Amino acid sequence: MRAVTLGYGGKHIKSMDRTFENCASLKEVDLGNLNLKNLEKLDRTFGNCESLTDLNLKAVRNSEKLYSISGTFSDCKDLKHLELSDIP
């Protein structure tokens, strides 16, 4: 898997812990259009995604419940573009 785009929906997602962890060939992830207003945890979501270069996390801006992001980007050695605009 090299690229992931998740579109609409997501309002019932509370945790994305380890969702993409160890996806070594993953290069692009776009979560910008999800409704993540109930998201609480992103722990190690992209951990060990060594080839990840582009990541859009704009959807996280809607979450007022997010409290844990431990290790979310650990070992993301090639990450060049991280979109976090409008996060409160």
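The following legends describe close-up views of a predicted model.

Because the model is predicted, local features are reported at pLDDT of at least 70 and side-chain atom pairs at pLDDT 80 or more, while totals for chains, interfaces and linings use all residues. Residues are numbered from 1 along each chain as its sequence is written, and side-chain values use heavy atoms, with hydrogens and water left out.

**View 1**
Four strands, paired in the parallel sense, make up an open sheet with the order 1-2-3-4. Strands (E, at least two residues) are DSSP runs numbered from the N terminus, and two of them pair if DSSP finds at least two bridges between them. Strand 1 (3-5) and strand 4 (81-83) each have a single partner strand and stand at the edges, so one side of each lacks a neighbour in the sheet.

**View 1. The pairing of strand 2 with strand 3.**
Residues 28-30 (strand 2) and residues 54-56 (strand 3) are joined in the parallel sense by three bridges. Within this pairing, Val29 lies opposite Leu55 of strand 3.

**View 2. Salt bridges around Lys41.**
Across the whole structure, a search finds four salt bridges; the term denotes a side-chain nitrogen of Lys or Arg within 4 Å of a carboxyl oxygen of Asp or Glu. One of them joins the side chains of Lys41 and Asp17, at an N to O distance of 3.3 Å. This pair links distant parts of the chain, 24 residues apart: Lys41 belongs to the loop between strand 2 and strand 3, and Asp17 to the loop between strand 1 and strand 2. Lys41 also meets Asp43 in a salt bridge, with 3.9 Å from N to O. Lys41 is partly exposed at a relative accessible area of 24%, and Asp17 is likewise partly exposed at 28%. Asp43, by contrast, is buried, with a relative accessible area of 14%. In these terms, buried means under 20% relative accessible area, exposed over 50%, and partly exposed in between (1.4 Å probe, protein chains only). Through shared partners, salt bridges join Asp17, Lys41 and Asp43 into one network.

**View 3. The salt bridge between Arg18 and Glu21.**
Arg18 and Glu21 form a salt bridge in which the closest N and O atoms are 2.9 Å apart. Glu21 counts as buried, at 16% relative accessibility.

Gly47 is located in the loop between strand 2 and strand 3. Its relative accessibility is 0%, so Gly47 counts as buried. Beyond its neighbours within four places in sequence, Gly47 is in contact (heavy atoms within 4.5 Å) with Glu21, Asn22, Gly71, Thr72 and Ser74. Ala24, 23 residues from Gly47 in sequence, is 9.4 Å from Gly47 in space, C-alpha to C-alpha.

**View 4. Backbone angles at Asn22 and Arg44.**
Asn22 has a phi near 70°, a positive value in a residue other than glycine, and is placed in the loop between strand 1 and strand 2. Arg44 also has a positive phi, near 50°, and is a residue other than glycine. Arg44 lies in the loop between strand 2 and strand 3.

**View 5. Lys11 and His12.**
Lys11 is placed in the loop between strand 1 and strand 2, and His12 is found in the loop between strand 1 and strand 2 as well. Lys11 is partly exposed, its relative accessible area being 43%, whereas His12 counts as exposed at 70% relative accessibility. Residues up to four places away in sequence aside, Lys11 touches Asn35 and Asn38. His12 and Gly47, 35 residues apart along the chain, have C-alpha atoms separated by 23 Å.

**View 6. A nonpolar surface patch.**
Phe73, Leu82 and Leu84 form a nonpolar patch on the surface, and their accessible area together is about 210 Å². Patches consist of residues with over 30% relative accessible area and no salt bridge; like charges are joined within 9 Å and nonpolar side chains (Val, Leu, Ile, Met, Phe, Trp, Tyr) within 5 Å. Accessible areas come from the Shrake-Rupley method with a 1.4 Å probe, and for residues only the protein chains shown count as cover. Leu82 is placed in strand 4 and counts as partly exposed, at 33% relative accessibility.
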